[in-house]
Amino acid sequence: MKNLALRWQARWRAFRQPIAPEKSALLKARWDSLPVELQTPHQLSGRHLTHCGFITGASYCSFHCTHCYLPKNANEVPIPALVDVKAQIEASRRAQGPGGGLQITGGDLADAYWRAGRPDELVEIVRHTVAVGLVPMLMTHGQTLIEQPAFLRRLLIEGGLRQIAVHVDMTQAGRHGFPISRVKSEADLHPVREGFTALAAELRRETGLPLELAHNCTVTQRNISSIPDLVRWFLAEPERTRIWRNLSFLPEADTGRTAFSREPVTPRRVWEAICEGVGQSLDGHAYIGGHPECNQGTTLLMSRRTGRCVPLLPTDEKSKVLLVELVTAFGGISTMTTDADPVGTGGSSLLPWRLAGALVRSPRLALRAATRLLVLVQNGTLPGGQLRDLLSGCAHTINIGTHNFMDAAQVARADRDPVVKARLEACVFKGSIHNRATGEWETVPMCAMNQGRWSAIYEERIRDQAGRVIPGEPAAESVLAAAEPGR
């Protein structure tokens, strides 16, 4: 009864206040800070999100991928103190407002904390992220989690984790049973992806929690021809994309310890490969997040009844105008499907309650949207069956797109390249970093981190660790070295 009461209290709050005043204020400030040329009708930054956050967590990773953005000394850096990680999380919450997404990353944190014998700390990091009002997504190659499912179960039940981004591709060296020299196409790694699909489905059944996966894939000269097949593999089974809700493709960038291709793939070529896999020509810039050269993507609607997949957003001009009005009015609503009822109550997403509350407050706009929807069904733009499946809970969305990081050399010339400068100013993927010189917290774009800030932070952590002994706790690097003798 207590859990039921908590669920209904959360739903009532979501209905009464779909967009928190704090979030509205932060979005306005973000919009005002954008370069004027990017304050376009289809801009999501400042309307839907300030940015997606990340933490600079433990830098260790057991893999040795050919396209890693981290500095060469990443595995030598001590795990940061829990109090410092919590301070980062709280700073990100101040910058993003409630309901923002926070990537739990650095190197591979599941890998690092498990091998260091400190899994409780990662559970607490996730729990604290949820407690302050953010939505955590654990970024990982997944090897530790699939070998230690009890650890993953703890992260879900005790920590409140609902989203995991699993990076699987041909650039990875270190995945057990799949040596990089024997992987000739992305299809060779489908058993790995199927293993994660099965694990997530099992945990969903066991816990009743809405665990979702995202798939990250670096795209290089070596695997670009495999991308259409990879997209087709995901879309072939509707239940598969009910678990894998986001497919992200990352054209390689010459930064960190990347072994850059002689003929690097372009974002345009990657997008064409995605469209080939979907079997449709897709508009990747119907809406933009930040700068159009940084991100492109779309949302697909998948019917679990028929297996049919169509773009969610219509492309006719009347619908585009209406969508701009809807985003302007309701964009501040968190669309995280894992933005759920209180942890431990077994509740479902609060998104329908937020949307219902927003529509009640804008009846004319809601009526126009409903009327337009009927017109789209009537003229065949939106298949009626697809709409019925969505309204009856037999359809779901899949986000698919590219995220184009800049080369380190590009970022270094930002002061004399207006495009690079605009991309950094409009960035929607930023971490909250404490500047020791000023004592202030900064939100730093990931591309700037890749260009140099990672190295500076790691040097600070190594200096801080030197000569410092924590009673009863071995130095982080000693623990990790012991975990992998001979390295």
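Predicted model: local features only at pLDDT ≥ 70, side-chain atom pairs only at ≥ 80, totals over all residues.

Student: OK, which residues does Glu158 touch, not counting residues up to four places away in sequence?

Tutor: With those neighbours left out, Glu158 touches Val123 and Arg127. Glu158 and Arg127 sit 31 residues apart in sequence, and their C-alpha atoms are 7.1 Å apart in space.

Student: How do H5 and H7 pack?

Tutor: For two helices, look at the angle and the distance between axes. Helix H5 (residues 119-132) packs with H7 at about 35°, and the axes are 9 Å apart. The crossing of H5 with H7 is right-handed. On the H5 side, the contact includes Leu122, Val123, Val126 and Arg127, while H7 brings in Phe151, Arg154, Leu155, Glu158 and Gly159. Sorted by class, this contact has 7 nonpolar, 1 polar and 4 charged residues.

Student: And what about H12 and H14?

Tutor: Here the angle is about 145° and the axes are 11 Å apart, for H12 (residues 317-330) and H14 (residues 363-378). Their crossing is left-handed. Among the H12 residues in the contact are Leu322, Leu326 and Phe330, and they belong to a set that meets Leu365, Arg368, Ala369, Arg372 and Leu376 in H14. The residues of this contact come out as 7 nonpolar, 1 polar and 4 charged.

Student: How can I check the length of helix H11?

Tutor: Compare an expected span with the distance between the ends. H11 (residues 267-278) has 12 residues, so at 1.5 Å a residue the helix should span 16 Å; its end C-alpha atoms are 17 Å apart, which agrees.

Student: Which residues of H11 are buried, and what do they pack against?

Tutor: The buried ones are Val270, Trp271, Ala273, Ile274, Cys275, Gly277 and Val278. They pack against strands S5 (212-219), S6 (244-251), S7 (295-303) and S9 (395-403), along with helix H9 (227-235).

Student: Could we look at a residue in S9, say Asn399?

Tutor: Good pick: Asn399 has its place in that strand. Asn399 counts as partly exposed because its relative accessibility is 33%. Leaving out residues up to four places away in sequence, Asn399 touches Arg245, Asn246, Leu247, Thr298 and Thr299. For contrast, take Asn399 and Gly159: 240 residues apart in sequence, and 25 Å apart in space from C-alpha to C-alpha.

Student: How many disulfides are there?

Tutor: A disulfide is a covalent bond between the sulfur atoms of two cysteines. In this model the count is 0 disulfides.

Student: Why is Cys52 too far for a bond?

Tutor: Look at the sulfur atoms, where the cut-off is 2.5 Å. The cysteine sulfur closest to that of Cys52 is in Cys427, 9.7 Å away, so a bond is ruled out by distance. Cys394 isn't in a disulfide either, as its nearest cysteine sulfur, in Cys309, is 16 Å away.

Conventions:
Residues numbered from 1 in each chain as written. Heavy atoms only, no water. Axes fitted to C-alpha atoms, helices over the stretch in contact; angles between N-to-C directions. Helix = DSSP H or I, 4+ residues; strand = E, 2+ residues; numbered from the N terminus. Left-handed = near helix turned anticlockwise from the far one by under 90°. Contact = heavy atoms within 4.5 Å. Nonpolar A, V, L, I, M, F, W, Y, C, P; charged D, E, K, R; others polar. Expected span 1.5 Å × (residues − 1). Buried < 20%, exposed > 50% of the residue type's maximum accessible area, 1.4 Å probe, protein only.
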